[in-house]
Every structure is written in structure tokens, then in C-alpha cells.
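Dear colleague,

Please find below the structure that I am handing over to you.

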Amino acid sequence: MLGEFEYLLITAAAGLGDNAYGAAIREEIEATTGRRCSIGALYTTIDRLEAKGLLSTWMSDATPQRGGRAKRMVRVTPNGVLAAKDFYDTVTRVSRGASWAVNRAANKAGSLL
Amino acid sequence: MTSIGWSLIEVASQLLERREREAVLGDLTEADVSSWRGVLDVLGLVIRRQAMHWKSWRPWLAAFGLALPGSLLLMGFSVSVSQAYQRLLGPTVFGITVGEGFTLLLCNVLLLICWSWTGGFVMGSLSRRTVRVSAALSFLPCMFCLARFRVESLSRFCLLLFLIPAVWGVHRGLQIAQIKLRSALILAVAITVLTIPAWSRRGSWIPNWALSWPAWYLVATSWRAPAVKEVKRWRVN
């Protein structure tokens with residue numbers, strides 16, 4: 001099963017689609033979680049997920065806004081999608097009955113009424 | 001970002017592989033992070049990368065089983081060879097007598113070269129990515145001994161006689177992963193035969209084997225992969 005950060009990374013990369021690369025994924029994770037994401041954690045996790053066959057990466061062409069440097073582009077593989085779905089389902093299942101999950105569902109229902 | 005900060009980031013990023021360096025520097029340029037955060041980010045990645053290499057037993061063996069004890073023992077042997085040479089030659093170059101002493105000196109010089117070369121080769125081939133750490137560990141005792149060397153009749157550089165064949169061995173070890181089985185076997189047998197005169201001396205078997213195992217390790221690695229061509233080139237990333 002995926003780790004928490006691995007799930008965040010795959011989800012961010014999947015959301016960014018064709019624009020998924022190091023800096024964009026990092027920005028996305030920082031914006032959604034409100035936590036700092038270090039380059040070290042990002043790139044070592046990308047390598048690990050690539051080794052597991054959950055991501056594929058390649059170097060893009062150099063762009064002027066990056067000082068003529070290439071990007072490391074990221075794409076989620078079908079196995080990566082399955083692993084992320086499995087993680088999400090597990091978290092959803094295990095959260096059933098938890099006070100925060102129940103309250104959240106009740107609040108949601110209340111706001112709909 | 002200041003130019004000094006950026007220079008620091010570029011220096012730190014030299015420890016990364018080329019492709020990764022390019023992606024990381026590009027990301028930092030795009031994100032326009034502060035110099036301090038940029039340096040910390042790059043150093044953090046470098047430390048993680050280095051730490052990953054040390055998950056294997058190979059860098060530990062290369063650094064603490066070979067580089068550190070090997071350099072200490074080879075320094076001692078270098079001094080021993082220098083003293084034997086000095087005793088045999090005396091003050092004049094032509095006063096040399098070809099006899100037991102000369103043969104023993106010749107054996108020891110050959111042994112010093114073979115031990116240093118095989119030690120360096122195995123250090124380079126065992127863990128290519130951590131070779132800088134292994135080299136630093138082998139230089140530490142050298143620096144310590146150079147500073148404290150007090151034999152008046154000998155130059156302190158006699159301590160470092162092993163250095164040239166060792167550096168040559170490291171260079172070859174980084175270039176090729178292993179040597180042919182026949183060459184490895186000849187080298188290991190030669191080293192073992194050259195140590196025979198020391199077998200009668202009590203207590204010398206530990207340093208002998210501490211310096212001889214790399215040669216037999218080369219035999220073992222060549223034996224395990226006989227189907228590989230003459231030399232196996234390291235994949236250049």
C-alpha cells in the first residue's frame with residue numbers, strides 16, 4: 001500500500017495532468033496541505049514510485065523561464081492510478097464510524113437541507 | 001535570490017547527477033525561493049541521495065573494511081619497505097648485494113604494489129558512488145601519520161609509497177567492474193605466494209589477510225560472473 005506522501009504526490013501529479021513536473025507538483029502539495037514539501041522528499045519519492053512502476057518520468061525540453069533548464073515531467077501509470085484508488089478506498093473504509101468522518105457526513109447532510 | 005546564494009546552490013548541486021541537477025536548479029529558478037531555502041533544499045536532496053547509497057553493505061565494506069584499515073596497514077608496510085631499502089643500499093647506490101635481503105626487498109616491493117592496486121581496485125569497484133567518502137577515510141590516517149612521523153633517516157613521504165598504485169587501482173576499479181578470472185587468479189596467487197616469507201612471523205597473518213582479501217574478492221567476483229565479456233563497463237548514468 002502507498003504511504004501518505006506517495007498518495008499526495010500521485011494525486012497531485014494526476015490532477016496536473018500534462019503539466020505535472022517537480023516544481024508544479026511541489027506547489028500543488030504545499031497549497032493543498034499547507035505543509036512545506038522539500039525537494040529532497042519530492043524527488044526521492046518520485047524515484048521510489050518510478051521504481052515501483054507507479055509513475056513514469058522523462059526530461060522535457062529546456063524552457064527560458066527556468067534559466068534554460070529542462071523539467072522532469074511526471075505521468076501517473078495505470079498501476080499508479082490503481083494504487084492511489086486502493087489507498088483512497090482503504091482510508092475511506094477505515095474512517096467509517098470515526099467521529100470526525102461521522103460529523104463531517106452529518107454536517108454535509110445538514111448543509112444540503 | 002542573491003548571486004552569492006545562487007552560487008552556493010550551484011556548488012551544492014554539483015553533488016547531484018547531471019539530469020537531477022538540471023531539474024532541481026530549474027525548479028528553484030522557477031519557484032524563486034530564498035537563497036537559504038534553496039541551499040537547504042539542495043543539501044537535503046544530496047543527503048537523502050547519499051544516505052540511500054549506504055543502505056547496501058558495499059559502501060560500508062569499501063569504507064570501513066578496506067579504505068580505513070588498508071591505508072593504515074599500507075602506510076606501515078611502506079615505511080617497512082623504505083627502511084629495508086635503506087639498510088640494503090646503505091649510503092651508496094652501487095653497494096647493493098644481490099642475496100636474500102635483496103630478494104626479500106623485491107618481494108616486498110611487489111607485494112606493496114599488488115596490495116595497493118588490488119585494494120584500490122576493489123574500493124573503486126565495490127561502491128562507485130561512495131568512492132569519495134572511502135577516499136576521504138583513507139586519507140584521514142595518512143594526514144594523521146604524516147603530521148606525527150618522526151623517523152629522522154626517512155622522508156615522511158615514505159609513508160605514501162602505496163599511494164600511486166592505489167590511486168591507479170581506484171581509477172581502474174571505477175572504469176571496469178571486474179577483471180578476467182585468469183588475471184584475478186594470477187594476482188591472488190602471486191600475492192599469497194609473496195606473503196609466504198611472513199608466514200613464519202607470529203602475528204603477521206592478520207595484516208596479511210586484511211590486505212590480501214581484496215585479491216581473493218576479485219577472484220570470487222570474476223568467478224561468479226564468468227559469462228561477462230572481458231571487462232564489464234560500468235553503466236554511465
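This is a predicted model: local features need pLDDT of at least 70, side-chain atom pairs count only at pLDDT 80 or more; totals for chains, interfaces and linings use all residues.

Overall make-up of chain B

Chain B contains ten helices and zero strands, so its elements, read from the N terminus, run α-α-α-α-α-α-α-α-α-α. Of its 237 residues, 30% count as buried. Where contacts in chain B join residues at least 6 apart in sequence, 83% of them link residues at least 24 apart.

The domain assignment divides chain B into domain 1, residues 3-53, and domain 2, residues 57-224. Taken over C-alpha atoms, the centres of domain 1 and domain 2 of chain B are separated by 38 Å.

Helix packing within chain B

Helix 4 (residues 57-89) and helix 6 (residues 131-148) of chain B have axes that come within 8 Å and cross at roughly 30°. Angles under 35 degrees count as roughly parallel, and helix 4 and helix 6 of chain B are therefore roughly parallel to each other. Their crossing is right-handed.

On the side of helix 4 of chain B, the contact is made by Ala62(B), Ala63(B), Ala67(B), Leu68(B), Gly70(B), Ser71(B), Leu72(B) and Met75(B). Helix 6 of chain B contributes Val133(B), Ser134(B), Leu137(B), Ser138(B), Pro141(B), Cys142(B) and Cys145(B). By class, the residues of this contact comprise eleven nonpolar, four polar and no charged.

The contact between the chains

Between the two chains, 15 residues of chain B are in contact with 15 residues of chain A. On the chain B side, helix 2 (18-31) and helix 3 (35-53) each supply at least two residues. Helix 2 of chain B gives the most to this side, with eleven residues. The residues of chain B that touch chain A fall into five nonpolar, three polar and seven charged.

One helix pair spans the two chains: helix 3 (residues 39-51) of chain A packs against helix 3 of chain B at an angle of about 40°, with the axes 7 Å apart. That angle makes helix 3 of chain A oblique to helix 3 of chain B. Ile39(A), Gly40(A), Tyr43(A) and Thr44(A) in helix 3 of chain A meet Asp41(B), Gly44(B), Leu45(B) and Arg48(B) in helix 3 of chain B. This contact has three nonpolar, three polar and two charged residues.

Two individual residues

Asp32(B) is found in the loop between helix 2 and helix 3 of chain B. Although Asp32(B) is not a glycine, its phi is positive, at about 50°. Most residues other than glycine have a negative phi. Asp32(B) is also exposed, because 8 other C-beta atoms lie within 10 Å and a residue with 12 or fewer counts as exposed.

Ala24(A) lies in helix 2 (residues 22-33) of chain A. Is Ala24(A) buried or exposed? With 20 C-beta neighbours inside 10 Å, Ala24(A) counts as buried, since the cut-off for a buried residue is 20 or more. Leaving aside neighbours within four places in sequence, Ala24(A) is in contact with Leu16(A) and Asn19(A). Ala24(A) and Ala13(A) are eleven residues apart in sequence, and their C-alpha atoms are 8.5 Å apart in space.

Yours sincerely

Terms used
Residues are numbered from 1 along each chain as its sequence is written. Chains are lettered from A and ligands numbered from 1 in the order in which they are written. Two residues are in contact if their C-beta atoms, placed from the backbone, lie within 7 Å. Helices (H or I, at least four residues) and strands (E, at least two) are DSSP runs, numbered from the N terminus. Ala, Val, Leu, Ile, Met, Phe, Trp, Tyr, Cys and Pro count as nonpolar, Asp, Glu, Lys and Arg as charged, and the others, Gly among them, as polar. Domain bounds come from an automatic or database domain assignment. Axes are lines fitted to C-alpha atoms, for helices over the stretch in contact, and angles run from 0 to 180 degrees between N-to-C directions. Angles under 35 degrees count as roughly parallel, over 145 as roughly antiparallel, 65 to 115 as roughly perpendicular and the rest as oblique. A crossing is left-handed if the near helix is turned anticlockwise from the far one by less than a right angle, and right-handed if clockwise.
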